[in-house]
Amino acid sequence: MAAATTRRAASSLVSRCLFSRSAAAGQPAVPSALRKPDGTRGLLPGVLQRFSTAAVAEEPIAPPVQVNYTKLLINGNFVDSASGKTFPTVDPRTGEVIAHVAEGDAEDINRAVAVARKAFDEGPWPKMTAYERSRILLRFADLIEKHNDELAALETWDNGKPYEQAAHIEVPMVARLMRYYAGWADKIHGLIVPADGPHHVQVLHEPIGVAGQIIPWNFPLLMFAWKVGPALACGNTVVLKTAEQTPLSALYISKLLHEAGLPEGVLNVISGFGPTAGAALASHMDVDKLAFTGSTDTGKIVLELAARSNLKPVTLELGGKSPFIIMDDADVDQAVELAHFALFFNQGQCCCAGSRTFVHERVYDQFVEKAKARALKRVVGDPFRKGVEQGPQIDDEQFNKILRYVRSGVDSGATLVTGGDRLGDKGFYIQPTIFSDVQDGMKIAQEEIFGPVQSILKFKDLDEVIKRANATQYGLAAGVFTNNIDTANTLTRALRVGTVWVNCFDVFDAAIPFGGYKMSGIGREKGIDSLKNYLQVKAVVTPLKNAAWL
C-alpha cells in the first residue's frame with residue numbers, strides 16, 4: 001500500500017460509507033449450538049447454520065515477529081518487577097502462552113512515579129523547547145512507520161484482531177496521531193488579557209506534571225497514542241499501565257520512542273493488574289493527573305481512588321451502548337453493510353459499537369433477512385490469514401461473558417436469527433450473532449456485551465426512536481442512516497452522545513474529539529480538546545505604572 005493511501009485510510013479508521021467490501025464465499029454448513037441451562041449443547045431450531053470459517057479449522061499461522069520486550073520500562077531501562085513475579089500473556093487464537101511478562105505492583109508504580117517526578121522537576125523534557133519536543137515526536141512517528149509490520153504482528157498476536165486491520169489502519173493511525181500532536185507542541189500558548197485597571201495580565205498554559213495513564217486491551221496501540229501523544233506534547237512525564245491481556249505492543253513502541261530521543265524517565269510503562277498496579281497508580285499522591293479508558297464500573301473505582309488521594313483531575317473514556325438508527329428512506333443494502341461494520345468491527349470489542357440497531361418498521365423485516373445473510377458470509381478465523389474479518393475474542397473471560405449474554409437473549413424471548421455459539425474447539429472464536437425482536441428492557445439491549453452480538457430493535461417514528469435511544473445510562477456515540485437532511489439534523493441534536501456519525505461510522509480522525517455523555521466518561525480524547533487534559537491554567541498579574549495604554 002502506498003504511503004499516501006495508508007495515511008488516508010488511517011485518518012478515518014475504515015469509514016464504511018462506500019460499502020465496497022465483499023465477504024468471502026461461505027464454507028459448508030457448520031452446526032451452531034448453544035449451551036443449555038443444564039450444560040448440554042443442542043441445535044437451535046430455525047437457524048441456518050453456515051459461516052465462512054475455513055480459517056478456524058486450519059493450523060494457526062506462526063506470527064512473523066519475535067517477542068523481545070517483556071520487562072517493565074522504568075527510567076529508560078527494561079527491568080524486572082520488584083517482586084520478581086511474572087504473568088502469562090495468551091494467544092487468543094489458541095489459549096496458549098505467548099510470553100511471561102513482568103508483573104508490576106505498588107512498589108513498581110512507586111519506582112516509576114519517582115523517576116517520572118524527577119524527570120519533570122529536574123529533567124530536560126519540560127524545559128526543552130517545544131520545537132525540540134515536536135522533533136522527537138516526529139522522529140517517533142517515522143520509526144512507527146518503519147516498524148509498522150512488527151507492531152501490527154504483536155498487536156494481532158496478543159489481541160486477536162485481524163492483521164490487515166492492525167497493519168493497514170491502526171498502526172498508520174498511531175503514526176498520524178503522533179505527527180498531529182507533534183504539530184501542536186510548539187503551538188500551545190497563553191493569552192494577554194485586558195483588566196479593568198492598570199495591570200498586565202498573562203494567562204499561562206503549563207504542563208500539569210506527572211500523568212498516570214491506564215489503557216485497555218481492545219486497541220492497545222491506539223489508546224497508547226491517544227494518551228501519550230497529548231501528554232508529551234504538553235511537556236508532561238508519564239507512568240502508563242498496560243492492560244494485563246495485551247502488554248506486548250506498548251513495550252515495543254515505547255522502546256521506539258526512546259530511540260527517537262525521549263529522555264530517560266519521561267515515559268515509564270508498567271505491565272500488571274488493575275487491583276494492584278492500577279489502584280496504586282490511581283491513588284498515588286505524587287501523580288498530578290489520571291487518564292483511564294475501560295469499563296464504566298472500573299472507571300467509578302478509578303475516580304474514587306483519585307478523589308480519596310490527592311483529588312487529581314481524571315479523564316475517563318468508558319462504556320457505551322450506542323444506537324444505530326436506520327430510517328425508512330435508507331438504502332437497505334447499504335444500511336445493512338454499515339450496521340454490520342458498526343457492530344462487528346474489532347470482534348465487537350469496541351466501546352462505541354453500534355450495539356442497538358434501531359430499524360424503522362417499514363424496512364425491518366427486509367433488514368433482518370439481509371443482516372442475517374451478511375453475518376453468515378462473515379469470514380471468521382486466524383487473524384493472520386488474509387481476508388479474515390473476525391478473529392477470536394480477547395480471552396476466556398470475555399468469551400464466556402459473551403455467551404452468557406447470548407443465553408440471556410434467548411431466555412428473555414429475543415429471536416436468535418443466526419450464530420449464538422463458539423466456532424471451532426480451540427481459542428476464543430464466537431459466531432457472528434444476531435437477535436431480532438429485541439425489546440428495550442432486555443439485558444442484551446441495556447448492557448455492554450463487548451462482542452459480536454447484534455441486537456435489532458423495531459421503531460415507528462422519529463420521536464419514539466429519540467426517546468428510546470436516549471433511555472440508557474451511556475452516551476458515547478450514535479449512528480444515523482438517512483437520506484433526509486432534516487431527519488439527520490433532528491437526530492444529531494437530540495441524541496445525548498459525544499459523537500454522532502451520519503451515514504458513516506467509526507470515523508476517527510486525529511483532530512476529531514472523542515468522549516461521552518453521562519456514564520460514558522468525563523473529558524475528551526484526540527483533537528485540541530485533549531490538550532486541555534494535560535495543561536494547568538495560571539493567571540499572572542503585574543501592576544502597571546504610567547502605562548501608555550491599558
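Two strands count as paired if DSSP finds at least two bridges between them. The structure before you is a predicted model, in which local features need pLDDT of at least 70 and side-chain atom pairs count only at pLDDT 80 or more, while totals for chains, interfaces and linings use all residues. Residues are numbered from 1 along each chain as its sequence is written, and side-chain values use heavy atoms, with hydrogens and water left out.

Helices (H or I, at least four residues) and strands (E, at least two) are DSSP runs, numbered from the N terminus. Strand β9 covers residues 210-214. Four bridges join β9 to strand β12, residues 289-293, and the two run parallel. Within that pairing, G212 has L290 of β12 as its bridge partner. Strand β10, residues 237-242, also runs parallel to β9 and is joined to β9 by five bridges. Here Q213 is partnered by L240 of β10. Between β9 and β10 the chain passes through α7, and this β-α-β crossover is right-handed. By right-handed I mean that, with the strands pointing away from the viewer, the path from the first strand over the helix to the second runs clockwise.

Is β9 mostly covered or mostly open? It is mostly covered, since five of its five residues are buried, where buried means under 20% relative accessible area, exposed over 50%, and partly exposed in between, with a 1.4 Å probe and protein chains only. V210, G212 and I214 point one way from β9, A211 and Q213 point the other way, and all are buried.

I turn now to the helix of the crossover. The end C-alpha atoms of α7, residues 220-233, are 20 Å apart, which agrees with the 20 Å that its 14 residues should span at 1.5 Å a residue. The expected span is 1.5 Å times one less than the number of residues. Helix α7 is mostly covered as well, with 14 of its 14 residues buried. After α7 comes G235, whose phi is positive, near 95 degrees.

A353 is found in the loop between α11 (332-344) and β15 (356-360), and A353 is buried, at a relative accessible area of 6%. Which residues does A353 contact, leaving aside its neighbours within four places in sequence? They are S322, A342, L343, G348 and F505, contact meaning heavy atoms within 4.5 Å. The C-alpha atoms of A353 and L476 are separated by 9.5 Å, although these residues are 123 residues apart along the chain.

Finally, the charged pairs. Side chains of opposite charge can pair when their charged atoms come close. A salt bridge here is a side-chain nitrogen of Lys or Arg within 4 Å of a carboxyl oxygen of Asp or Glu, and the structure holds 26 of them. In one of these, R179 pairs with E145, the closest N and O atoms being 3.0 Å apart. E389 and R374 meet in a salt bridge of 2.7 Å, N to O. E389 lies in the loop between α12 (364-377) and α13 (396-411) and R374 in helix α12, so the pair ties together parts that are 15 residues apart in sequence. R117, D121, D286 and D288 are linked in a network of salt bridges.
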